[in-house]
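My notes follow in the order in which I made them.

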Amino acid sequence: MAYNGRARPRPPLHSSASSNSLSRISTVSDITDFESYADGITTSPALHGRPSLVSLQSYDGDGPRSGSVDDGHAYSAAQIGWSSFTSYSGSGAYEPLNTAGEVSPRPQRRQSRGFGYHMASKQRHETIPEEEYGIDLGLLNAAAPLGEEPPTPIDKESPPVDLSNFSGLPTLADDAFLKRLQEQEAQGKLTGGLGLGIKVDTVTTGSKLLATSPIPEKPPWSQAFGPIGSGGKGLSRRESLKQVAQNEANKRGKVIEVIIEEDEVPNQSEVDLSLMEGPDTAPSGPGGSRFLRKKTETTEVFYPQPDWKPFSMRWPYLLFLIIVSIVLGGGVEILYQKSSHQALVSFWSPSEIPAIEYFAFKFLPTLITVSYGVLWQITDFEVRRLEAFFQLSKEGGALAAESINVDYITYFSFFRPLRALRCKHYAVAVSSIASLLANALVPTLGAACIYLSPDRETRLNNPNDEKQILVHPIWSRFLSAVFLLLSLLACVLFYQLESRRSGLLADVRGIAGLASMATVSHILMDFKDMDVATHEDIHNKLRDHRYVLLNSSLAPDERQGTNKLEAAKYNRSDLSQNPHPLMLRKKGAIPFITGIFLFLILLPVFLFTPATIVADKAPWVITALAVCIKLSWNALETNVRMMEPYYILSRRHAPPKTLTLDYTAMPFGWVAFRGLLNGHWVVFFVGFGTVMTELLTVLVTSLATVEGRVFVALIKKEDDNRASSNARDHPDDATKDLNAGQETAVSFWISLALAIFILMYMGIVASIVFLRRKKVFLPRQPNTIASVLAFIHQSKMLYDFVGTSKLSNAEMVRKLEGLGKTYGLGWFQGRDGQSHCGVDEEELLSGYSLGYDYSMSNKPWEEEAPHWFHLAPRLVAKNLCLPLFHIPIPD
């Protein structure tokens, strides 16, 4: 309940009585069974009278009994008046009758930082002996009139006000108010609605829950691959109750607190004889015990477990991958069996082949293998992007090194499966291996499977002989085996994804998606003083921390102790300490650009020089080189996708939709279209280049078996015949060498021209991207959840994300655009009044520049300087002279 927009403080502490009858203790207590109460609970006004000579402190709880400000929020106990005489024993507050079969929500306890399943054993209070005298009638003089409530003094310590909406001329009172909030933030106490915790929506008892929600005999189809025994058979009553409660929370989408009543048999070695039964000869319980069983109550909170997944991770798409893999593997074997008895295509001259058949054997096999790789690439990208949330949503959460501080987006593709196996992320390991096989090995083997018979030398000596297109017996068997292996990997991935829940209600996109999930708990306090920290520093600080995803909110999980042996596996970070991605630095960009232009030079060499013998003996070599270029280009595209929102923010005054912009969550091909619509030209050209790399593989494969000198000679002969009078007497001299191959002149020159254009396009675009994005504009790469949270942990814009954890991306965009704010990346004054580096609403104090610490150049006397200069000493010049502050950079 609020008064004038401020939380009411709890009244002074009085002595208490704990009874459900008219107790004769001389003072009525306003102490309850609960540590704190949620706002909005209707209670009776407190009675104030003279102190009693007898004071019994009888309560059920571990926390302090007086209202206190904890974590930046005021918690006050409910005020109990005459209603305490008729309330339920142990409740401490009025509880209205629930006619729907549910218990009214109890006042919410202050949530712990762990946000795990909250267990709290409760013992019923023993009966307090009544005194000889009645109620102290002196209390009646201080009783409030019925229906009225005395004014309560305003608590000035923690006003729940959003400062981001404040407007008007500042006053001395406003300055003092702001200073108090900044002091609380500096002490690690969140303000303005941040860190309020997860609220319990419904409270019920275990017996009522079992009566209204029977245990399902068979689990849902989506949980058919879950743990054995999930169907409810062979479980104890407590385990069955947990299953029913969790199913009910998932069905309702609400947080449910269940009160579980259990019988506790006392220890017979320490027996109170007053609890012994009378002279009944019959056993009094299942175990024959004659001692009374105590009734104990425990509460357990169940959070909904949503299971949103992108379409490429759902069972229809995965089943489609399995079927396609089996069909392609069987199709290759069928083609080989047919080719062993009869050639796929027989011809004397390429011009005799119908256009459909020519396309079918020349381009269609490579198109199929490349498209198949794209299907796997889409799934693999989503699995890698969302694996951290799968780990956080499992029971018990996950270590920081296995969840919020893991990077599978920019990690080197060939080492990614090893990293995933080390972290026991088997879904990532399976999808990464399958994607590498589908994108690298399948197109290469596909190019090697189909060959032209006889060999090139024989065809050149006898160009008018019959030629046949056949399937290679060895390479085709390898390709079939790879397809069958991929079908098995798809089955394993199907099981991995269908037996786990993602814990997400919708897609988590951009900075806004993570910000909305981090405002409920106190996870932001774990990133204090980590604005410009490296991945190694973040890893060392969070190595022993566990985190969990509950009710679409990220939170620390301190219920379970960290296994030292488990944490010892991650004694160092595997992430790059350089603040700039590899493909945007000289170390990665220059070799890649050089490789593109070298391949552009080698392609004519393979076609028009004696080096063509290499392509004749091993045509798959050229295809393999094209695949390497494609994989490198995919790495460049991934880096551009990830960095583009932060690059826009670094240019200051970015629109609100930048916070929800996430190109890494967009599928293949759609990135280029969205970049075009948004006017982000670098993203558009790089995304369009990704589509062209797939076409490059097809074109290069078709050129691998062509003798280019034949077509050059054909042009010369046509020119000579055009100038010679004997051209009509020797019409076959210009075309006899052309019949030695399978390529027509038109298809050859078109394929060669497109391949050269694509390589030129890739080289030019990669050069432009490097020149425009080579400058470092971030203190570290935003490739992990922890890295992004460290950028925003002190941002004032987080006030706007309170209560948005369940909004969709479109709803989030509308909310941010309605605020009318702009955002930027740089140095800003945080909620604690100190200078921080990251993303916040405008106006910022300064932009970010590598090696420039605004906090030291502006107010170096306020606090000890952070050790920012060790972040990237090799990336900045030694003794860098800055406009405002001269900072020596150590070697």
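Is helix 18 largely enclosed by the rest of the structure or largely open? I found 18 of its 23 residues buried, so helix 18 is largely enclosed by the rest of the structure. Buried here means under 20% relative accessible area, exposed over 50%, and partly exposed in between (1.4 Å probe, protein chains only). Helices (H or I, at least four residues) and strands (E, at least two) are DSSP runs, numbered from the N terminus.

I note the basis of these entries: the model is predicted, local features need pLDDT of at least 70, side-chain atom pairs count only at pLDDT 80 or more, and totals for chains, interfaces and linings use all residues. Residues are numbered from 1 along each chain as its sequence is written, and side-chain values use heavy atoms, with hydrogens and water left out.

**Entry: salt bridges**

I counted 22 salt bridges in the structure, each being a side-chain nitrogen of Lys or Arg within 4 Å of a carboxyl oxygen of Asp or Glu. Arg-422 pairs with Asp-574, the closest N and O atoms being 2.8 Å apart. Arg-422 lies in helix 7 (residues 416–422) and Asp-574 in the loop between helix 13 (564–568) and helix 14 (586–608), so the pair ties together parts 152 residues apart in sequence. I recorded Arg-422 as partly exposed at 31% relative accessibility, and Asp-574 as partly exposed at 22%.

Glu-843 forms a salt bridge with Arg-652, with the closest N and O atoms 3.8 Å apart. This pair ties together parts that are 191 residues apart in sequence. Glu-843 is exposed, with a relative accessible area of 56%, while Arg-652 is partly exposed at 23%. I also noted one network, in which salt bridges that share partners join Glu-382, Arg-385, Asp-507 and Arg-509.
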